[in-house]
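Open the model in your viewer and keep the selection tool ready.

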Amino acid sequence: MACQMPISQTQSFSNTRTPSLSLLFKTPAVQVLVPRSRLSTGHGARRRMNGARLRNAGVVKATATEMPSKRRSGDEVKGFVEEMRAVAMKLHTRDQAKEGEKEPEGKPVARWEPTVEGYLRFLVDSKVVYDTLESIVSEAACPWYAEFRSTGLERSEKLTKDLEWFKEQGHAIPDPSTPGLTYSQLLKELSVKDPQAFICHFYNIYFAHTAGGRMIGKKVAEKILDGKELEFYKWEGDLRQLLQNVREKLNEVANDWSREEKNHCLEETEKSFKFSGDILRLILS
């Protein structure tokens, strides 16, 4: 699974590619680097395969993976991002997302009792993860990671400002802890050895923060920050358009994956929820 894609295959993804599975998805479809005869697996077969895998998934906790996207007139197909979103939704509980299929566990966010100290631990460890993601994209060990530079979803600079604000309020900023450091190391390893798995984490981290992450941030702010909105939860420009731009780039990247590589990416979803959940629970520590 290591990234060995020639740079010639990564330059300026073209919007003129002919979708190879246009009847199945809403945004530009997935075109894999295998003979078309291998694409004969029908939608039903894929759905049965994904369903069997998801039935075996363990119970995990995470926030909603992404905001519902606006349906555009004449937009009839969806790309691989929709597959990632569908898998993520199946791992949510019903109180986390309307499409969730798991039974609720633990206290709902509205009944959380966060502390400033715990929230700072969460923010510090989150920054470790976002620093790592931005560094990986900048260095681009896999050439097409460079497509995800300057998307507008980056959070490191915002978190730096928020932590500085807390410091000005007299709070001590803690050192990064095990959840953030462990996740950071995993992301570094996956980015080199297993790019499909890395992309799964990349997608879930950024898109979850724009949806459930914002909801949690608002609830926590109401309880311990007098409603102050941190920079962590602000984006410059139209957030929906920023997300759509990244969706399109993710779909373009996945166009060059085999079905096996796509399935491998999807199978990483539960792990991404686990590591993100470990960091999220720091809020209550």
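A crossing is left-handed if the near helix is turned anticlockwise from the far one by less than a right angle, and right-handed if clockwise.

This is a predicted model, in which local features need pLDDT of at least 70 and side-chain atom pairs pLDDT 80 or more, while totals for chains, interfaces and linings use all residues. Numbering runs from 1 along each chain as its sequence is written, and side-chain values use heavy atoms, without hydrogens or water.

**Whole chain.** Show the cartoon. You will find nine helices and zero strands (DSSP runs, H or I of at least four residues for helices, E of at least two for strands, numbered from the N terminus). Of the 285 residues, 50% are buried (under 20% relative accessible area, 1.4 Å probe, protein chains only).

**Confidence.** Colour by pLDDT, the predictor's confidence in each residue, from 0 to 100. The chain mean is 80, and 69% of residues reach 70 or more. Now select residues 6–63: pLDDT is below 50 there, yet the stretch has 114 contacts beyond near neighbours in sequence (heavy atoms within 4.5 Å). Residues 70–77 also stay under 50.

**Helix pair.** Select α3 (residues 116–139) and α6 (residues 195–224). Their axes lie 12 Å apart, at an angle of about 155° (lines fitted to C-alpha atoms over the stretch in contact; angles run from 0 to 180 degrees between N-to-C directions). The two are therefore roughly antiparallel (over 145 degrees). α3 passes α6 in a left-handed crossing.

**Contact residues.** Show side chains.

Conventions: Angles under 35 degrees count as roughly parallel, over 145 as roughly antiparallel, 65 to 115 as roughly perpendicular and the rest as oblique.
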